[in-house]
Structure formats: C-alpha cells, structure tokens
Amino acid sequence: MPYSSSEDESLPSNVKKAPKNLRKQFVAIFNSAMENCPNENDQGECESRAFRMANGVMKKRMQNKDLDTEEQSAWDWAVKCYGSAIAA
C-alpha cells in the first residue's frame, strides 16, 4: 500500500515520530520499492521488502549522524526506535 505523503496517517509509528525530511525520504523509498517490486503477485513480500529498504535507509542515516539542522533532535528519536545498536 503506497503512502500519499509524509503526513499520511497510516505511516508506521516510528516514521511518524521522525523529522519531516526523513518521513519524506521513507515515503519515497517505500513507494518506489512497491512500484518496482519484481514479484507483483505477492504484495505481502513486496511490502515487507519496501519496509526493509525504507527503514534501512532511515537507520543508516541516523547511525552515520547524517543530520541537518532540523534533524539534530532526531538522534533521540533514533535511539528510541532502533535501540542501543546505533548509539555505539
């Protein structure tokens, strides 16, 4: 199920808590992965893959502290969502 925007009410709770530009990136990656899914007959598998891809990018940006000014406060959000794995 593609998302309409970074303000979509059906976004996962961890994404809703993220700064707007990270939400936009999540939506773009998720929707692109769904659109380009090689196995269109299995929407469940496509959706799982899209979530893994989009969450992976968000996690990597937070691990690398690839943050702009708006995202500085997002570090706390990332630790809450992904735990101590990124705090090291």
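What is the mean pLDDT of the chain, and what share of its residues reach 70 or more?

1. Confidence. The model is predicted. The mean pLDDT of the chain is 78, and 69% of the residues reach 70 or more. Helix 2 (residues 20–35) has the highest confidence, at a mean of 90, whereas helix 4 (residues 74–82) has the lowest, at 61.

2. Salt bridges. The count for this model comes to 2. In one of them, the side chains of Glu7 and Arg23 meet with an N to O distance of 2.9 Å. This pair links distant parts of the chain, since Glu7 lies in the segment before helix 1 and Arg23 in helix 2, 16 residues apart. Glu7 counts as partly exposed because its relative accessibility is 46%. Arg23, by contrast, has a relative accessible area of 12% and is therefore buried.

3. The Glu45 pair. A salt bridge also joins Glu45 and Arg52, with 3.7 Å between the closest N and O atoms; the cut-off is 4 Å. Glu45 has a relative accessibility of 37%, so this residue counts as partly exposed.

4. Asp8 belongs to the segment before helix 1 (13–16). Asp8 is buried, yet no salt bridge is formed. The nearest side chain of opposite charge is that of Lys16, 7.4 Å away, and a salt bridge requires a distance within 4 Å.

5. Surroundings of Asp8. The side chain of Asp8 makes a polar contact of 2.7 Å with the side chain of Ser10. Leaving aside residues up to four places away in sequence, Asp8 touches Tyr3 and Lys16.

Methods
Residues are numbered from 1 along each chain as its sequence is written. This is a predicted model: local features need pLDDT of at least 70, side-chain atom pairs count only at pLDDT 80 or more; totals for chains, interfaces and linings use all residues. Side-chain values use heavy atoms; hydrogens and water are left out. pLDDT is the predictor's confidence in each residue, from 0 to 100. Helices (H or I, at least four residues) and strands (E, at least two) are DSSP runs, numbered from the N terminus. Buried means under 20% relative accessible area, exposed over 50%, partly exposed in between (1.4 Å probe, protein chains only). Lys and Arg count as positive and Asp and Glu as negative; His and the chain ends are not counted. A polar contact is a pair of N or O atoms within 3.5 Å; within protein, one must be able to donate a hydrogen and the other to accept it, and residues adjacent in sequence count only if both atoms are side-chain atoms. Contact means heavy atoms within 4.5 Å.
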